[in-house]
Amino acid sequence: MREIDKATTDEIRAIVYDYFSEECDTPRADLSDATDIVADLEGDSLMLLALLDIFRKKYGLTIELKTLGKHLMRRPANTIGQVVELTVALVRFGNDIVDQEL
């Protein structure tokens, strides 16, 4: 488990917001934690995989896709806020995320 401070959480949030703003051609100011990725931005699940790859490289994550899939079955990430929470948890817990009650 890796300790996550406020600066890291803020950095993760900024990367997630910038990513969806750029990929969905939507001004960042129009996004919020409640923005639904599919319904509001016409995004898809492949976007989450691409975003995960960014965080894998940045934080040296070795999270397996099946582990992520198991977690998402229990706790879907449909909004930008949920993706931020998921990403913070992935950076913090790595593959142990499936054992966490988030």
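Mentor: Buried means under 20% relative accessible area, exposed over 50%, and partly exposed in between, with a 1.4 Å probe and protein chains only. The model is predicted, so local features need pLDDT of at least 70 and side-chain atom pairs count only at pLDDT 80 or more, while totals for chains, interfaces and linings use all residues. Residues are numbered from 1 along each chain as its sequence is written, and side-chain values use heavy atoms, with hydrogens and water left out.

Trainee: Is Thr79 buried or exposed?

Mentor: Thr79 lies in the loop between α3 (65-74) and α4 (80-93); helices are DSSP runs of H or I with at least four residues, numbered from the N terminus. Leaving aside neighbours within four places in sequence, Thr79 is in contact (heavy atoms within 4.5 Å) with Asp33, Ala34, Thr35, Asp36 and Ile37. Because its relative accessible area is 17%, Thr79 is buried.

Trainee: What is the relative accessibility of Ile80?

Mentor: Ile80 is placed in helix α4. Beyond four places in sequence, the contacts of Ile80 include Val16, Tyr17, Phe20, Leu31 and Leu41. Ile80 counts as buried, because its relative accessibility is 0%.

Trainee: How is α1 oriented to α4?

Mentor: Axes are lines fitted to C-alpha atoms, for helices over the stretch in contact, and angles run from 0 to 180 degrees between N-to-C directions. Angles under 35 degrees count as roughly parallel, over 145 as roughly antiparallel, 65 to 115 as roughly perpendicular and the rest as oblique. Helix α1 (residues 6-23) and α4 pack at about 135°, with their axes 9 Å apart. Therefore α1 is, relative to α4, oblique.

Trainee: How many charged residues does the contact of α1 with α4 have?

Mentor: Thr9, Ile12, Arg13, Val16, Tyr17 and Phe20 of α1 meet Ile80, Val83, Val84, Thr87, Val88 and Val91 of α4. Ala, Val, Leu, Ile, Met, Phe, Trp, Tyr, Cys and Pro count as nonpolar, Asp, Glu, Lys and Arg as charged, and the others, Gly among them, as polar. By class, this contact has nine nonpolar residues, two polar and, among the charged, one.

Trainee: What is the distance between the axes of α2 and α4?

Mentor: The packing angle of α2 and α4 is about 35°, and their axes are apart by 11 Å.
The contact is made by Leu48, Leu51, Leu52, Phe55 and Tyr59 of α2 and Val83, Leu86, Thr87, Leu90 and Val91 of α4. These residues divide into nine nonpolar, one polar and no charged.

Trainee: How is α1 oriented to α2?

Mentor: α1 and α2 pack at an angle of about 140°, with their axes 11 Å apart. That makes α1, relative to α2, oblique.

Key: Helix = DSSP H or I, 4+ residues; strand = E, 2+ residues; numbered from the N terminus.
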